[in-house]
Amino acid sequence: MKLKNLLLLTIGAIITSTSCKKVESEPIIATESKPNGAQLSNFFTENITAAKQNFTINASSPALITGNQGTTLQFSTNSFEDATGNSVSGNINVELIEIYEKKDMLFLNKQTLGDNNGTLSPLISGGEFKITASQNGNEIRLKPSYNYNATIQAPAGVNPNMDIFYQNSANDDTLTWTQEDSSSISIISGVKYNAYFDSLEWVNCDYFMNQANPTSVSVNVPNGFDNTNCAIFISFDGYNSLTSIYNYSNGNFNTGDYYRIPEGLSVHFIALAFINNIPYSAIIPATITTNHLQIISALTATTESQLATDIQNLP
């Protein structure tokens, strides 16, 4: 009898021990395999930081700077003031970010989506830029009625419809652009743009895609992926244009009530997330149909360099 009781106690202890181990291990496995929104956000932030170029100029003299991708910015004498409206003189720091291609639009989360009289529509980009200025760590601005001149590369070719847009929202996830009411932009020798900007921060050279039959678009993503930990982009084949889809409900990203994509366009849907600091992506070709629904069944592990190559190879 004692042997039998001892055997039962031993078996019970083994079962209890095994059960405890299962309870402890399951949450760890689930946590490690979950997409991480902070890691995705850090990816965009780190790429923005890496793209920053810094120049020192004298605010009391005319100044010309040239970015790594060929953008030139020319500032006139005494064109800056501080937050209280006092004229700024002496050395100042000018910071420049250049975005000319889809890879950078995605890596820096700066999509090309414009406000077209209350409806959001894709923009075809001729270049996006962020210009800020500071002195002794304090941000400064252009004086009223002052502007700066920019010569802008046109790697995709020039277009007479190109215009100037300014950032409409400070939130990168819902970034849109608003067309300037009175802008000045011209074509130089058929290969570059010349423009005047009266505001610092993010600016954009674009024109609306304006294709016929705009429609809504939804993207179904796997369980566990949502707008807190996953980004969805649309790359438009043959155009220097990449937009995002940020509305989300019940497992689907969607363009919402005021955002439309032209029917009949060939595109590539791109999903991006991070798990354990490893990028996971899906790139799927499609043609936009009426009330388009795109299903993304899985994201697969990749590397940042491979992702960059994949985006650069898109049509």
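A residue counts as buried under 20% relative accessible area, as exposed over 50%, and as partly exposed in between (1.4 Å probe, protein chains only). Keep that definition at hand for the exercises below.

The model is predicted, so local features need pLDDT of at least 70 and side-chain atom pairs count only at pLDDT 80 or more, while totals for chains, interfaces and linings use all residues. Residues are numbered from 1 along each chain as its sequence is written, and side-chain values use heavy atoms, with hydrogens and water left out.

**Exercise 1. Two asparagines**

Task: Decide whether N277 is buried or exposed, and say where N277 is placed.

Solution: 
- Step 1. N277 has a relative accessible area of 57%, so it is exposed.
- Step 2. Its place is the loop between β22 and β23 (278–287). Strands here (E, at least two residues) and helices (H or I, at least four) are DSSP runs, numbered from the N terminus.
- Step 3. Look at the backbone too: N277 has a positive phi of about 65 degrees although it is not a glycine.
- Step 4. Now try N117, which lies in the loop between β6 (113–116) and β7. N117 also has a positive phi, near 55 degrees, and is a residue other than glycine. With 78% relative accessibility, N117 counts as exposed.

**Exercise 2. A covered strand and its sheet**

Task: Work out how many residues of β17 (residues 230–236) are buried, and which strands form the open sheet with β17.

Solution: 
- Step 1. Seven of the seven residues of β17 are buried.
- Step 2. In a regular strand the side chains alternate between the two faces of the sheet.
- Step 3. Check each face of β17: C230, I232, I234 and F236 are buried on one side, and A231, F233 and S235 are buried on the other.
- Step 4. Next come the partners; two strands pair if DSSP finds at least two bridges between them. β17 pairs with β22 (residues 266–275) in the antiparallel sense over seven bridges, and the bridge partner of A231 in β22 is L272.
- Step 5. β17 also pairs with β18 (residues 242–245), antiparallel over four bridges, where S235 stands opposite L242. The hairpin of β17 and β18 has five residues between the strands, and G238 there takes a positive phi near 85 degrees.
- Step 6. On the way to β23, 10 antiparallel bridges join β22 to β23, and I275 has I278 as its bridge partner in β23.
- Step 7. Put together, five strands form an open antiparallel sheet in the order β18-β17-β22-β23-β25. Its edge strands are β18 and β25 (300–301), each pairing on one side only.

**Exercise 3. Rings that meet**

Task: Say why the pair of Y166 and F197 is edge-to-face.

Solution: 
- Step 1. Rings of Phe, Tyr and Trp (its six-membered ring) pair if their centres lie within 6.5 Å; planes under 30 degrees apart count as stacked, over 60 as edge-to-face and the rest as tilted.
- Step 2. The structure holds 10 aromatic pairs. In the pair of Y166 and F197, the ring centres are 6.5 Å apart and the planes stand at 80 degrees, so the pair is edge-to-face.
- Step 3. This pair links distant parts of the chain, with Y166 in β10 (residues 163–167) and F197 in β13 (residues 192–197), 31 residues apart.
- Step 4. Y166 is buried at a relative accessible area of 12%, and F197 is buried at 1%.
- Step 5. Ring pairs link F75, F80, Y148, Y166 and F197 into a cluster.

**Exercise 4. A threonine and its contacts**

Task: Decide whether T132 is buried or exposed, and list which residues T132 is in contact with, leaving aside its neighbours within four places in sequence.

Solution: 
- Step 1. T132 lies in strand β7 (residues 119–135).
- Step 2. Its relative accessibility is 13%, so T132 counts as buried.
- Step 3. With those neighbours left aside, T132 is in contact with N93, V94, E95 and E201.

Note on methods: Contact = heavy atoms within 4.5 Å.
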